[in-house]
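Here is a short briefing on one protein chain. Look over the sequence and the model before reading on.

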Amino acid sequence: MASSALSNLMLAIHEKKTSSVDLYRPLRNYVTFTYSEREAQLLEDDLETLNQLRSDVERAPDPSPPARRDLLISYYKALCLVETRFPISPEKHHVNAVSFLWYDTFKQKQKATQQNIHLEKAAVLFNLGSTYSQIGLGHDRTTVDGRRQASHAFIGAAGAFAYLKDNESTKAAIGQSSTTVDVSVECVGMLERLMLAQAQECVFENTIAKGSTPGVSAKIARQVGIYYEEALAALTAPPLKDHFEKGWISHVQLKAALFYSEACYRYGMELHEKEEIAEEIARLRSGSSRLAEAKKSSPRGAPAQLIEAMNKLEASINCNLDRAVKENDRVYLMRVPSPASLSPLPTFSMVKPMNMTEILDASKEKMFAILVPDSSAKALSRYTEMLDDVIRTQAERLQQASELTRVRLKEMDLPDSILAVDGHSTLPVDLREDVEAVQISGGPVSLEAELQQLRDLKRVNQELLVHTEELLQKEATEDAQFRSQFGTRWTRPQSSTLTKNLQDRLNRFAANLKQAGESDVKIERSVRENSALMSILDRRPIESAVPTLAKPIMSLDATEDAIVGTLKQSLRQLENLGAQRAGLEDMLKEMKRKDDILPKLMTITGSYEDMFRKEISKYDHICEDISQNIEVQEQLLRQIQAQNEEFSTVFNLEDYKASREKCYNQIQAAISKYREIKENINEGLKFYVTLQDAITNVKQQCSDFVMTRSIQCREMIEDVQRQMSGLSFQDRRSSGPYPSVHQPTATSSPPPQETHNPSQPHPQAPYYRPPEQLSRPGYSIPPYGPPPPYHAPHGQAPHGQVPQPYPPQAPQQQQPYPPWQQGSYYDPQGQQPRPPYTAQNPYLHPPQPQHQHQPPHQGGGYYRQ
């Protein structure tokens with residue numbers, strides 16, 4: 001990509017606008033009121049300087065961006081001094097006559113007014129970042145030196161926006177009315193990414209101009225694209241989504257696509273040199289596709305130079321792509337991977353936000369120096385800052401040294417490879433935790449006991465189901481015997497009519513048990529087939545399953561033990577250095593905790609700086625020890641690296657790593673299979689337990705039904721016997737197979753007439769009156785209706801009524817069936833109501849409605865194919 005194609009295609013930020021503010025009079029009044037007129041007179045020059053700085057910021061008298069930058073830095077330092085001495089807020093005894101007004105730089109109609117110095121500081125920092133961006137845009141980026149200067153300016157802009165984000169954006173909105181969007185954390189974070197993208201872009205242009213390798217160029221280009229992509233993500237999300245013009249979003253979107261494709265193009269050139277044609281084709285296709293999508297989605301009016309650069313890059317990509325495809329078809333014949341399967345492109349960032357702490361440090365400014373409420377407290381704060389800087393610097397050095405040791409040892413696979421020689425192989429922490437969890441739960445050896453639990457529960461369910469069916473069968477057999485014995489006098493419904501719903505459920509339970517048994521067989525087969533795979537999980541400790549690093553079979557000089565011993569000694573020395581660093585860090589913290597110079601400060605009459613230097617020198621010997629520790633560690637790491645290379649060569653470390661990785665994969669596969677089987681078994685146990693509850697519930701229903709029918713049977717026998725006994729009064733003989741309950745004598749006469757009362761027939765007990773303790777909802781059976789008067793002779797109607805055959809015909813308004821046939825077990829229309837014993841599917845998660853009856857085994861994944 002020619003750098004001229006992208007010249008002047010970068011963005012600069014406009015400054016925020018403000019209104020005039022008089023700082024002189026309010027601040028002078030505050031000094032007069034709080035301190036005295038004398039202090040106010042002594043601060044006249046400082047107050048006029050501050051007011052002049054504010055006026056210059058408002059009017060921008062010098063159009064030179066560097067001069068503007070210096071002005072903003074000076075004013076910001078002055079604001080830092082004002083903040084610690086002049087409380088600006090709406091409160092009564094504060095400086096409440098000062099209000100700062102600033103307009104949004106992207107939406108000029110939006111503004112914020114606050115009596116809050118943090119809004120002023122945030123706006124100044126924003127304008128400082130804007131000025132840096134204008135400086136960067138003003139450099140001649142057609143030359144190497146110009147691009148370097150531009151990159152430095154954009155880094156400064158990123159630093160200003162980053163400093164604003166970390167220090168002032170949040171404070172500017174606390175306790176006040178909402179501020180403008182341009183100084184929000186989201187906006188300044190986006191601008192920081194944008195400035196870094198442009199700085200990295202300048203570095204990329206110089207990289208191309210210097211003729212760097214395609215691999216280096218690809219890494220730098222990809223990082224440019226990432227910065228633009230991060231800025232684009234912020235631009236397309238609230239609160240920035242509707243705050244910027246479409247041109248901004250279009251520019252950033254096209255730049256992101258352009259540099260992603262540029263990275264693919266450069267990386268493809270490196271792949272071509274390595275003859276990795278298949279990946280080259282995939283990378284080039286990915287870059288070409290990204291360019292096409294970006295151009296298609298870009299709005300009209302996109303910069304012509306940017307579109308031209310994209311077209312040129314697309315042509316270059318397609319040219320290389322055609323060449324690579326032809327070579328692959330004719331020579332290499334490699335399978336081209338899909339773009340989705342490619343690993344992310346490598347990146348390398350050459351820029352980072354400028355550290356603005358020192359640039360904006362106001363500690364050395366002399367303005368308002370006399371307004372120090374407590375000089376001793378100020379001196380102590382200054383000393384504390386110095387000491388904190390020393391402690392922080394040394395702590396960072398110690399942490400970096402420890403992190404460097406960890407990374408270097410990890411790269412050399414130490415100390416794991418040394419432990420493997422001694423038979424002390426290790427597992428990755430997460431894999432070891434998984435194995436321990438499996439072993440705590442019983443491991444593969446416990447699966448057989450759990451399978452036996454499945455068998456036992458299945459047998460219990462089967463026996464319970466058979467017993468329940470036998471209850472219904474026995475009752476049906478007795479009912480059939482009485483029906484055969486009494487013929488038409490046995491008028492109650494057949495058992496099969498009443499038990500249809502019960503029998504259907506029992507049949508479904510039987511089908512569930514059958515299919516559950518098939519699943520049990522699958523589980524048992526899976527356990528048998530994978531027992532060899534899972535047996536590795538029973539090894540205790542599990543590390544014993546990991547292969548050890550054996551000595552070579554053939555050795556010419558037998559130096560293996562010496563090599564291992566030397567490497568172990570070096571590792572012990574490295575470990576001692578790490579322990580020494582921890583002790584040094586603790587020593588630093590302890591010295592700081594005990595370091596109290598306040599009594600000295602309150603009595604000193606000389607220079608604070610001399611005292612500070614003397615006190616800080618107490619830490620010099622620890623700093624020297626830290627430096628020496630780090631230097632010795634660096635030498636030792638180089639020595640360990642050389643020793644490890646010799647060790648790897650002698651012990652064929654690569655083959656060991658391959659076998660160890662294979663073992664890790666086997667353990668992971670065993671864990672996955674064990675968890676799968678364990679889950680299936682647990683689901684089966686839950687299934688059988690739930691099904692057992694359901695069958696027990698239905699069995700109770702059947703028992704209640706059988707008891708009810710038994711009571712009805714006895715009462716109907718008595719009823720039939722009374723009918724037959726009534727006939728025997730006429731025939732002087734008994735014709736029933738059972739003795740009559742009221743056996744008349746030969747000389748007995750009809751009952752006295754005065755006891756005959758048609759309106760009060762002979763009372764009859766209901767066919768079923770369960771005990772109170774057996775009463776349950778839905779089980780109660782209404783009693784029989786009033787029977788005909790038994791004292792009336794057969795064929796004679798009491799009180800002259802027309803004789804009717806027994807049983808009497810029901811009146812028109814009565815039900816066509818006796819009331820005892822209208823209980824919860826019988827429906828004359830042939831539509832069975834829902835029985836009260838309907839059990840929910842035990843495996844449905846969550847429970848299903850009552851009208852759905854799925855087999856219990858189909859709800860929880862117990863049957864895995």
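Which residues of the largest nonpolar core touch the most other members? They are Phe86, Phe126, Leu128, Leu191 and Phe368, in a core of 113 residues. The model is predicted: local features need pLDDT of at least 70, side-chain atom pairs count only at pLDDT 80 or more, and totals for chains, interfaces and linings use all residues. Residues are numbered from 1 along each chain as its sequence is written, and side-chain values use heavy atoms, with hydrogens and water left out.

**Overall**
- The protein chain has 22 helices and 2 strands. These are DSSP runs numbered from the N terminus (helices H or I, at least four residues; strands E, at least two).
- Of its 865 residues, 43% are buried. Buried means under 20% relative accessible area, exposed over 50%, and partly exposed in between (1.4 Å probe, protein chains only).
- Among contacts between residues at least 6 apart in sequence, 80% join residues at least 24 apart. Contact means heavy atoms within 4.5 Å.

**Nonpolar cores**
- A nonpolar core is a set of buried Ala, Val, Leu, Ile, Met, Phe, Trp, Tyr and Cys residues joined through side-chain atoms within 4.5 Å.
- In the core of 113 residues, helix 9 (residues 246-273) gives the most, with 14 residues.
- Leaving aside neighbours within four places in sequence, Phe126 is in contact with residues including Ile13, Phe106, Phe161, Leu164, Val188 and Leu191.

**Helix 1**
- Helix 1 spans residues 24-34; Tyr24, Pro26, Leu27, Arg28, Tyr30 and Val31 are buried there.
- Its buried residues pack against helix 2 (37-42), helix 3 (44-59) and helix 4 (65-85).

**Helix 4 and helix 5**
- The axes of helix 4 and helix 5 (residues 117-138) come within 9 Å and cross at roughly 160 degrees. Axes are lines fitted to C-alpha atoms over the stretch in contact, and angles run from 0 to 180 degrees between N-to-C directions.
- The two helices are therefore roughly antiparallel, a label for angles over 145 degrees.
- Residues of helix 4 that meet helix 5 include Leu72, Tyr76 and Leu79. On the helix 5 side, Val124, Leu128 and Tyr132 are among them.

**Arg335**
- Arg335 is found in the loop between helix 11 (304-332) and helix 12 (375-411).
- Arg335 counts as exposed because its relative accessibility is 71%.
- The C-alpha atoms of Arg335 and Glu279 are separated by 9.0 Å, and the residues are 56 apart along the chain.

Key. Angles under 35 degrees count as roughly parallel, over 145 as roughly antiparallel, 65 to 115 as roughly perpendicular and the rest as oblique.
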